[in-house]
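Trainee: I have a new structure to read. Please walk me through it, one feature after another.

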Amino acid sequence: MVLAANALLQSGDEAAKKKYLPGIAAGETIATLACTEPSGKWDEAGVTMAAKGSGSKFTLDGTKMFVIDGHTASLIIVAARTAKGVSLFAVDGNAKGLTRTALSTMDQTRKQAKLEFKGVEAELIGTEGKGWEVLSKVFDLAAVGLAAEQVGGAQKVLDMAVEYAKVRVQFGRPIGSFQAIKHKCADMLLEVESAKSAAYYGMWCASEMNDELASVASLSKAYCSEAYFHAAAENIQIHGGIGFTWEHPAHLLQACEVE
């Protein structure tokens with residue numbers, strides 16, 4: 001939703017919006033964005049996949065990596081390079097010549113895939129050669145969305161830690177009464193609340209699409225990522241030995257943050 005739908009929205013292609021957005025909004029279309037290649041670069045130079053054709057009809061040759069839900073998506077928005085520069089294309093998930101391979105990831109709730117294109121038919125979205133301008137905005141919006149997700153994760157692990165500190169008894173007292181545990185929980189609360197402010201500011205910039213979006217998206221993503229990482233780690237510490245066992249979900253939230 002954040003990547004593919006925003007790529008369509010920011011493309012300025014009214015025909016593509018009418019064709020694809022209703023299905024995405026209704027949940028009937030699983031859409032994804034394929035940009036990164038085996039080089040792992042997220043900049044404009046990293047897009048080397050070749051697109052050949054003219055008008056609205058093109059064929060694609062190359063490989064895309066780390067495509068979220070790429071092995072199940074019914075619509076793939078692909079970044080590829082024509083003679084005019086980076087452009088965006090719509091590809092059917094079952095297109096002839098497309099090979100999709102699921103990748104092993106630490107966070108199994110967010111599947112990724114490798115997509116290999118061999119003469120795959122594609123439809124141009126937006127203006128040829130203007131794809132990177134669209135992607136730059138989409139990546140900023142995605143960073144804000146990810147920051148909001150990280151805030152949710154950080155709040156969850158804070159709640160888990162506080163609840164456990166209330167019920168876990170050691171030396172005849174709830175561990176939440178110990179100063180060391182109090183300090184950990186207080187530090188987590190401070191970071192989570194600060195992360196919320198950063199994410200809210202980022203979401204406001206995204207809703208306004210103002211000139212601050214690029215810098216604030218980076219700021220919110222950077223701070224929220226660190227806050228989630230620290231909160232998830234502290235949650236495991238507060239849970240003690242059980243926190244990193246397979247029987248307890250605390251380690252799963254740590255894995256999600258790393259992923």
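Mentor: Start with helix H1. Its buried residues pack against helix H2 (14-26), strand E1 (31-34), strand E4 (75-82), strand E5 (85-92), strand E7 (112-125) and H3. Keep in mind that this is a predicted model.

Trainee: Which residues of H1 are buried?

Mentor: The buried residues of H1 are Ala4, Ala5, Asn6, Ala7, Leu8 and Ser11. Buried here means under 20% relative accessible area.

Trainee: Take Ser11, then. Where does Ser11 lie, and why does Ser11 count as buried?

Mentor: Ser11 lies in helix H1, which covers residues 3-11. The relative accessibility of Ser11 is 12%, so Ser11 counts as buried.

Trainee: What does the side chain of Ser11 reach?

Mentor: Look for polar atoms first. The side chain of Ser11 reaches the backbone oxygen of Leu8 at 2.7 Å. A polar atom of that side chain also lies 3.2 Å from the backbone nitrogen of Asp13.

Trainee: Which residues is Ser11 in contact with, leaving aside its neighbours within four places in sequence?

Mentor: With those neighbours set aside, Ser11 is in contact with Ile125, Gly126 and Val134.

Trainee: What does the chain do just after H1?

Mentor: Check the backbone angle phi. Just after H1, Gly12 takes a positive phi of about 75°.

Trainee: Which residues other than glycine have a positive phi near 55°?

Mentor: Phe66 is one of them, with phi near 55°. Phe171 is another, also with phi near 55°.

Trainee: Where do Phe66 and Phe171 lie?

Mentor: Phe66 lies in strand E3, residues 57-68. Phe171 has its place in the loop between strand E8 (169-170) and strand E9 (173-174).

Trainee: How do I read the accessibility of these two residues?

Mentor: Use the cut-offs. Exposed means over 50% relative accessible area, buried means under 20%, and partly exposed is in between. Phe66 has 39% relative accessibility, so Phe66 counts as partly exposed. Phe171 has a relative accessible area of 73%, so Phe171 is exposed.

Trainee: Now the helix pairs. At roughly what angle do the axes of H4 and H5 cross?

Mentor: Compare the two axes. Those of helix H4 (residues 179-208) and helix H5 (residues 213-239) come within 8 Å and cross at roughly 155°. An angle over 145 degrees counts as roughly antiparallel. H4 and H5 are therefore roughly antiparallel to each other. H4 passes H5 in a left-handed crossing.

Trainee: How do the residues of that contact divide?

Mentor: The contact of H4 with H5 has 17 nonpolar, six polar and three charged residues.

Trainee: And H3 with H5: are they roughly parallel or antiparallel?

Mentor: Begin with the angle again. The axes of helix H3 (residues 131-167) and H5 come within 8 Å and cross at roughly 20°. Angles under 35 degrees count as roughly parallel. So H3 and H5 are roughly parallel to each other. Their crossing is left-handed. The residues of the contact of H3 with H5 divide into 19 nonpolar, six polar and two charged.

Trainee: Let me look inside H3. What does Gln150 touch, not counting residues up to four places away in sequence?

Mentor: Gln150 is found in helix H3. With those residues not counted, Gln150 touches Lys221, Cys224, Ser225 and Tyr228. Gln150 has a relative accessible area of 6%, so Gln150 is buried.

Trainee: Is Ala154 buried or exposed?

Mentor: Ala154 also has its place in helix H3. Its relative accessibility is 1%, so Ala154 counts as buried. Leaving aside neighbours within four places in sequence, Ala154 is in contact with Val192, Tyr228 and Ala231.

Trainee: How far from Met188 is Ala154, by C-alpha atoms?

Mentor: Track both sequence and space. Ala154 and Met188 are 34 residues apart along the chain, and their C-alpha atoms are separated by 8.4 Å.

Trainee: Let me step back to the whole protein. How many helices and strands are there?

Mentor: The secondary structure comes to six helices and nine strands. The C-alpha trace spans about 75 × 40 × 35 Å along its principal axes. Buried residues make up 44% of the 259 residues.

Trainee: What share of the contacts with a separation of 6 or more comes from residues 24 or more positions apart?

Mentor: Such residues account for 69% of those contacts in the protein.

How values were computed
Residues numbered from 1 in each chain as written. Predicted model: local features only at pLDDT ≥ 70, side-chain atom pairs only at ≥ 80, totals over all residues. Heavy atoms only, no water. Axes fitted to C-alpha atoms, helices over the stretch in contact; angles between N-to-C directions. Helix = DSSP H or I, 4+ residues; strand = E, 2+ residues; numbered from the N terminus. Parallel < 35°, antiparallel > 145°, perpendicular 65-115°, else oblique. Left-handed = near helix turned anticlockwise from the far one by under 90°. Nonpolar A, V, L, I, M, F, W, Y, C, P; charged D, E, K, R; others polar. Buried < 20%, exposed > 50% of the residue type's maximum accessible area, 1.4 Å probe, protein only. Polar contact = N/O pair within 3.5 Å; in protein donor to acceptor, adjacent residues only side chain to side chain. Contact = heavy atoms within 4.5 Å.
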